[in-house]
Amino acid sequence: MKLRHGSTLTHTVTATTLDSYKREHFESDIISTVEFNYSGELLATGDKGGRVVIFQHEQESKNRPHLRGEYNVYSTFQSHEPEFDYLKSLEIEEKINKIRWLPQQNAAHFLLSTNDKTIKLWKISERDKRAEGYNLKDEDGRLRDPFRITSLRVPVLMPMDLMVEASPRRIFANAHTYHINSISVNSDHETYLSADDLRINLWHLEITDRSFNIVDIKPANMEELTEVITAAECHPHQCNVFVYSSSKGTIRLCDMRAAALCDRHSKFFEEPEDPSSRSFFSEIISSISDVKFSHSGRYMMTRDYLSVKVWDLNMENRPVETYQVHEYLRSKLCSLYENDCIFDKFECCWNGSDSAIMTGSYNNFFRMFDRNTRRDITLEASRESSKPRATLKPRKVSTGGKRKKDEISVDSLDFNKKILHTAWHPKDNVIAVAATNNLYIFQDKIN
């Protein structure tokens, strides 16, 4: 995608579980994760109320082939319910922290969803036929008197309205003491990892009663705790390799062939800090909130509070690319600390060809960076720009002095409106952006 200033994305559909502008805003409807499946045909969102909403890509219209199909609601189901840990007197939220799709093997789709403690494997399948003509029961389901049955009937399949069923196939529980922040499906399609603040576990998709602890950074004395795990991901092609990031701004790459417990990393990625720019907030803003391998497996991307960095797996001492997301907030760190925004966990994502990256910001802004031209663009997900086929205009933030007509002052940014969760279609230039409890889907403009 050529993300030049003046390039355009066209808004195709605004899908939302609850429209915050028409009804009262509920905390449970805030979207907490967004994920395309491997083909991009389906898009899943999870929210704080424990619900999963799946959108399906509609086929292109023959009458208007130049317009791509839209995403409409395909299935909605309750994935997690609130629970209570009576041993620890702790309430466990139903909020969906992460959703990960499994590669499609048959007509059904499978996805993993997790809250703070429990991971579930869901099967999403379609039913458009039903069996009729049973011998032992009537059409309404009542059992027939066996003595009144005088002939043998052969049941037949009759067409019915399409019904999408979501059923839980596996429940992976009781393996995490702390809150789960990541799940990642391995390239062998048989195992996946789950990470919390101090440990990473490896699961087999067919085995629910045990997992293997592959990383444990919990110190013997918790008073000596200096860092926590913030995100983890499996390598897209090498099933023995995974990475995890920490609150200290470091990334560790581990090889499961080296040892059963990967406490000793194979590679350690860290950018040396510039002593001249050190401040009270340095450690907080250096914490990595997300780590993502490129589709090629050659690079990985990390997001800290102010920037996105791209690392070459063959170079550990510094990133090969650094993109400033909202450097103008550096002067606002004190107020961002006071209102807790400095602890917001922004995610990042690659496009299908690894040539562009995207991440979110405040005021419902999201940023896109072209890795080839090094150009960037700031766009806004808002109701003003959400009319179908409307063109998004680039936004600019003024940091002081005389403000231009189209610019917005850094002092007037709304920090309650934040884009934390974004996803990019694996093949096409279609992006999904979660803004509080609204989901916006944008695509390239086709002339």
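This is a predicted model: local features need pLDDT of at least 70, side-chain atom pairs count only at pLDDT 80 or more; totals for chains, interfaces and linings use all residues.
Start inside. In soluble globular proteins, nonpolar side chains tend to be buried together. The largest nonpolar core here has 19 residues. Tyr305, Leu329, Leu336 and Leu413 touch the most other members. Take Leu329. Beyond its neighbours within four places in sequence, Leu329 is in contact with Leu306, Leu336, Tyr362, Val410, Leu413 and Phe415.

Next, a charged side chain. Arg367 sits in strand β26, residues 365-370. Is Arg367 buried or exposed? Arg367 counts as buried because its relative accessible area is 9%, under the 20% cut-off. What does its side chain meet there? A polar atom of the Arg367 side chain lies 2.9 Å from the backbone oxygen of Val325. The Arg367 side chain also makes a polar contact with the side chain of Thr378, at 2.8 Å. Leaving out residues up to four places away in sequence, Arg367 touches Gln324, Val325, Ile357, Met358, Thr359, Asp376, Ile377 and Thr378.

His189 is a contrasting case. The loop between β12 (182-185) and β13 (191-195) holds His189. His189 counts as partly exposed because its relative accessibility is 37%, between the cut-offs of 20% and 50%. Not counting residues up to four places away in sequence, His189 touches Pro103, Gln105 and Leu205. His189 and Leu205 are 16 residues apart in sequence, and their C-alpha atoms are 8.4 Å apart.

Now the pockets. The largest pocket holds about 1,100 Å³ of space. Its lining has 45 residues, and Lys95, Phe343, Asp344, Lys345 and Leu420 lie nearest the centre. By class, the lining has 16 nonpolar, 12 polar and 17 charged residues. Which element gives the most to it? Strand β16 does, with five residues. Elements that each supply at least two residues include β2 (31-36), β8 (98-101), α1 (282-286) and β20 (290-293).

The second largest pocket holds about 840 Å³. Of its 32 lining residues, Glu35, Tyr38, Glu233, Phe293 and His295 are the closest to the centre. Elements giving two or more residues to this lining include β12, β24 (348-350) and β30 (421-424). Here β2 gives the most, with four residues. The lining divides into 14 nonpolar, 11 polar and seven charged residues.

Definitions and conventions: Residues are numbered from 1 along each chain as its sequence is written. Side-chain values use heavy atoms; hydrogens and water are left out. A nonpolar core is a set of buried Ala, Val, Leu, Ile, Met, Phe, Trp, Tyr and Cys residues joined through side-chain atoms within 4.5 Å. Buried means under 20% relative accessible area, exposed over 50%, partly exposed in between (1.4 Å probe, protein chains only). Contact means heavy atoms within 4.5 Å. A polar contact is a pair of N or O atoms within 3.5 Å; within protein, one must be able to donate a hydrogen and the other to accept it, and residues adjacent in sequence count only if both atoms are side-chain atoms. On a 1 Å grid over the protein atoms alone, a cavity is a set of points where a 1.4 Å probe fits but cannot get out, and a pocket is an open set with protein on both sides within 12 Å along at least five of seven lines; lining residues have an atom within 4 Å of a point. Grid points are joined across faces, edges and corners, and a volume is the space filled by probe spheres set on the points. Ala, Val, Leu, Ile, Met, Phe, Trp, Tyr, Cys and Pro count as nonpolar, Asp, Glu, Lys and Arg as charged, and the others, Gly among them, as polar.
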